[in-house]
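Please open the structure in the viewer and keep the selection tool at hand.

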Amino acid sequence: MGAINNVGFIGIGNMGSRMAAHLVRAGYAVTVFDIAAERARLFASEHQARATDRLADLASSADAVVTMLPSGREVREAVLEMQGGALAQNLRPGSIVIDMSSAAPVGTRELGQVLAARGIGLVDAPVSGGIIGAEKGTLAIMIGGEPDTIATARPVLERMGNRLFEVGGLGCGHAMKCLNNFLAGASFAAASEAVRVGRKFGLDPAVMIDVINVSTGRSFASDVVMKEHVLNEKFATGFALGLLAKDVGIAADLAEQIDVHAPIGELIRDLFRDASDGVGGSEDHSRAATWWDRHGLRPAAE
Ligand code: NAD
């Protein structure tokens with residue numbers, strides 16, 4: 001695997017558009033693709049980048065392809081299925097795919113086997129830090145894969161994040177990410193429940209959150225999601241409810257797949273599935289609190 005000069009970037013959404021911009025600024029020759037073609041075109045018009053609607057075109061010039069897509073299903077589609085499988089067919093042996101989406105780890109290992117048979121490397125490198133971290137290039141990045149493939153990918157990753165963790169073999173980055181988001185989702189659901197109970201008893205939700213944020217109940221959910229987005233009804237974290245519901249589902253599924261009893265994970269998966277179905281998956285994830293306020297924290301099956 002040689003040094004990376006040309007990068008194909010697939011998925012120019014909330015996160016990908018901001019992350020790809022760092023690669024352009026760092027001097028990489030960047031070609032972007034999005035199923036919503038106008039997003040790729042807009043990005044190219046605003047940055048020194050090229051947009052294409054042909055995956056074969058993107059692949060044939062790429063040393064590395066970064067994917068920043070909703071889930072592993074879309075990654076598999078883009079890499080192996082769309083446009084007759086043009087991406088994998090046109091990537092040259094020795095090139096690498098860097099999947100920065102939050103995807104299911106078992107699927108990532110399966111994709112890695114398919115790509116390895118073609119001489120193409122795969123690294124999973126999901127991120128945490130949201131759109132602000134993406135904008136600033138300060139994402140935390142959890143990297144899984146073979147050491148030599150990670151070494152090739154690292155210079156690209158270092159442009160998008162400043163806290164890089166090599167957490168294990170292929171799929172370990174995705175496992176780490178879904179477990180982190182399980183915790184984020186659980187603390188958000190719990191903070192929302194605490195405020196609901198306190199309000200009914202007569203406490204002021206704003207005072208409650210101020211107390212929690214200097215006390216042991218503090219979390220990202222209380223500090224940022226509840227304080228900045230729920231209580232003032234801004235609902236603009238930039239992280240969709242459907243994506244968080246997907247992540248907590250991946251975490252619960254992972255526990256099942258490897259035979260670990262994880263009852264909290266199952267409950268959190270059901271609560272977010274219910275909220276996502278009720279509110280709409282494309283709405284901001286902070287709106288789950290308003291759904292639970294109205295309907296209670298009830299598992300989806302009820
Ligand atoms: P997004 O929905 O804003 O962007 C996804 C992009 O992928 C869209 O532009 C969409 O058109 C495109 N797309 C979908 N299917 C495609 C396909 N088959 N081929 C090409 N393009 C396709 O999502 P996002 O918020 O940028 O999140 C991307 C990933 O990052 C998700 O896995 C998410 O869970 C994760 N993530 C998001 C955040 C956040 O705060 N938004 C934080 C950390 C991780």
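Begin by selecting strand β8, residues 139–144, in this predicted model. Six of its six residues are buried, so the strand is largely enclosed by the rest of the structure. A residue counts as buried when its relative accessible area is under 20%.

Next, colour the two sides of β8 separately. In a regular strand, side chains alternate between the two faces of the sheet.

Which strand runs antiparallel to β8? Strand β7, residues 127–128, does so, and two bridges join it to β8. Within this pairing, Val127 stands opposite Ile141. Then select strand β9, residues 161–168, which pairs with β8 in the parallel sense over six bridges. Here, Ala140 stands opposite Arg163 of β9.

The next stop is the ligand. Select the 28 residues around it; those that come nearest are Asn14, Met15, Asp34, Arg39 and Pro70. A polar backbone atom of Ile35 is 3.1 Å from a nitrogen atom of the ligand. An oxygen atom of the ligand lies 2.9 Å from a backbone N or O atom of Leu69, and for Pro70 the distance from such a backbone atom to an oxygen atom of the ligand is 2.8 Å. On its own, the ligand has 830 Å² of accessible area, of which the protein covers 91%.

Which elements give two or more residues to this shell? They are α4 (72–90), α6 (130–136) and α11 (241–257).

Gln83 is found in helix α4, and its phi is near 50°, a positive value in a residue other than glycine. Is Gln83 buried, partly exposed or exposed? Its relative accessibility is 43%, so Gln83 counts as partly exposed. The second residue, Glu233, is in the loop between α10 (220–230) and α11. Its phi is near 55°, again a positive value in a residue other than glycine. Glu233 is exposed, because its relative accessible area is 61%, and exposed means over 50%.

Conventions: Residues are numbered from 1 along each chain as its sequence is written. This is a predicted model: local features need pLDDT of at least 70, side-chain atom pairs count only at pLDDT 80 or more; totals for chains, interfaces and linings use all residues. Side-chain values use heavy atoms; hydrogens and water are left out. A residue is near a molecule or strand if one of its heavy atoms lies within 4 Å of it. A polar contact is a pair of N or O atoms within 3.5 Å; within protein, one must be able to donate a hydrogen and the other to accept it, and residues adjacent in sequence count only if both atoms are side-chain atoms. Accessible areas come from the Shrake-Rupley method with a 1.4 Å probe; for residues, only the protein chains shown count as cover. Helices (H or I, at least four residues) and strands (E, at least two) are DSSP runs, numbered from the N terminus. Buried means under 20% relative accessible area, exposed over 50%, partly exposed in between (1.4 Å probe, protein chains only). Two strands pair if DSSP finds at least two bridges between them.
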